[in-house]
Amino acid sequence: MAGKDTTGELSMENYFNEGLADRTEPNNPFEVAEQDPPKRSRSGKKRGSRMSGLKRALIIAAVIAVLGLALFLFIVISRLRNDGARYAKKLSERIGSQLSVAEKSADITTKSESDYPTLKNLFASFQAIAESKKSCRIEGVKLPQWAIFCNTDAGDLSTVTYYNYKVLEKNIFGTERKSYIDPQLVSLGSSVEDTEAKLELEPYRIQYLQGKNELREYRYCYEDKDSGDIVAYVITGIWDESGALTAIPDTRKNYIGSLLASPET
C-alpha cells in the first residue's frame with residue numbers, strides 16, 4: 001500500500017500545511033467568498049471636502065450677517081430712542097462757544113420757540129430750544145417727551161437745561177417709592193453714576209452751567225403710612241467741575257396745596 005504522501009489524495013495535514021484552509025475553497029457551498037474592500041473615489045473625496053468647506057463658509061457668513069444686523073439695529077434704536085440727555089450733554093461741552101458751533105458739535109438743531117403752548121408760556125426767557133419728536137401727556141397736557149432749553153450771552157452758549165417730561169407721565173409728583181429716601185446716605189464726592197445708583201431715581205431736570213458745574217433734580221413720592229396721603233419730595237444734586245458731588249439737599253413739595261389755594265386778587 002502506497003504511503004499517504006505519494007497518493008493522489010490530499011491528507012488533512014497537508015491540507016492545512018499547504019495553506020489551503022486559508023483560502024477560499026472553489027465550489028464550496030458552505031464557504032462565503034471574501035470581497036475586496038470598496039475603493040475610495042478620489043473625485044468623491046474632493047467633492048465631499050468642497051461641500052464641507054462650502055457649508056462652513058455659509059455658516060460663518062450667516063453668523064457675520066446676523067451680528068451685523070444686530071449692530072445696525074442697535075445703532076438705529078439708539079438714535080431713535082429718547083436721547084435728549086445725550087444731546088444736552090453734547091451741547092454743554094460747548095458752553096462758551098457760539099450756539100451754532102454747539103449745535104454742529106451735538107448734531108442737533110435748535111429753534112426760537114417751542115411747538116407746545118404750555119412750554120411757550122413757561123419758558124419764554126430762553127433763546128433756543130430743541131424738543132423730542134415724540135410727545136407724552138402729563139395730567140392731560142400734551143408735552144414733548146424731553147426738551148432742551150439754551151441760554152445765550154451775546155450769541156455764546158451760557159447754560160443748557162434738559163427736562164425729561166416722560167419721567168412724570170405716570171405720576172406728576174415723580175417716581176413712586178415705598179418710603180422716604182434720605183439723600184444724606186449718598187457720600188459727598190460721589191459721581192453722578194454712583195449717586196443715581198444709590199437713589200435709584202432718574203433725573204427730571206439737568207442743568208449745565210459755566211465752569212462745567214452741573215445740577216440734577218430728582219422727583220419722587222410715596223404714601224405716608226400714618227395719614228395715607230401722598231408725600232412728594234425733590235432731591236437736588238450739585239456737582240463741581242471735577243464731577244464730584246458737593247451738595248444734595250431735599251425739599252418736601254406741597255403741589256396739591258398750590259393747586260387748591262385761592263388765586264390772588
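**Close-up 1. The salt bridge between Glu-113 and Lys-120 in the predicted model.** Glu-113 forms a salt bridge with Lys-120, and the closest N and O atoms of the two residues are 3.8 Å apart; a salt bridge is here a side-chain nitrogen of Lys or Arg within 4 Å of a carboxyl oxygen of Asp or Glu. Glu-113 is partly exposed because its relative accessible area is 47%, and Lys-120 also counts as partly exposed, at 37% relative accessibility. These classes take buried as under 20% relative accessible area, exposed as over 50%, and partly exposed as what lies in between, computed with a 1.4 Å probe on protein chains only. Residues are numbered from 1 along each chain as its sequence is written, and side-chain values use heavy atoms, with hydrogens and water left out. As this is a predicted model, local features need pLDDT of at least 70 and side-chain atom pairs count only at pLDDT 80 or more, whereas totals for chains, interfaces and linings use all residues.

**Close-up 2. Salt bridges of Glu-217 with Arg-205 and with Arg-219.** The side chains of Glu-217 and Arg-205 meet in a salt bridge with an N to O distance of 3.5 Å. This pair links distant parts of the chain, with Glu-217 in strand S8 (residues 214-223) and Arg-205 in strand S7, 12 residues apart; strands (E, at least two residues) and helices (H or I, at least four) are DSSP runs numbered from the N terminus. Glu-217 also meets Arg-219 in a salt bridge, at 3.8 Å from N to O. Elsewhere, salt bridges that share partners join Lys-111, Asp-115 and Glu-131 into one network. Glu-217 counts as buried because its relative accessibility is 12%, and Arg-205 is buried as well. By the rule given for salt bridges, the count comes to 9.

Close-up 3. Arg-219 is classed as buried because its relative accessibility is 18%. Leaving aside residues up to four places away in sequence, Arg-219 touches a set of residues that includes Leu-168, Ile-172, Phe-173, Tyr-204, Tyr-233 and Tyr-255, where contact means heavy atoms within 4.5 Å.

**Close-up 4. Gln-207 in strand S7 (residues 205-208).** The side chain of Gln-207 makes a polar contact with the side chain of Thr-161 at 3.4 Å; such a contact is a pair of N or O atoms within 3.5 Å, of which, within protein, one must be able to donate a hydrogen and the other to accept it, while residues adjacent in sequence count only if both atoms are side-chain atoms. Gln-207 also touches Val-160, Asn-213, Glu-214 and Leu-215, among the residues that lie beyond four places away in sequence. With a relative accessible area of 19%, Gln-207 is buried.

**Close-up 5. The hairpin of strands S2 and S3.** Strand S2 (residues 135-138) and strand S3 (residues 141-144) pair in the antiparallel sense over 4 bridges, pairing being assigned if DSSP finds at least two bridges between two strands. Ile-138 stands opposite Val-141 in S3. There are 2 residues between the strands of this hairpin, and Glu-139 in the turn has a positive phi of about 50 degrees.

**Close-up 6. The cysteines Cys-136 and Cys-221.** Cys-136 counts as buried at 3% relative accessibility, and Cys-221 is likewise buried, with a relative accessible area of 2%. The structure holds 0 disulfides, a disulfide being a pair of cysteine sulfur atoms within 2.5 Å.
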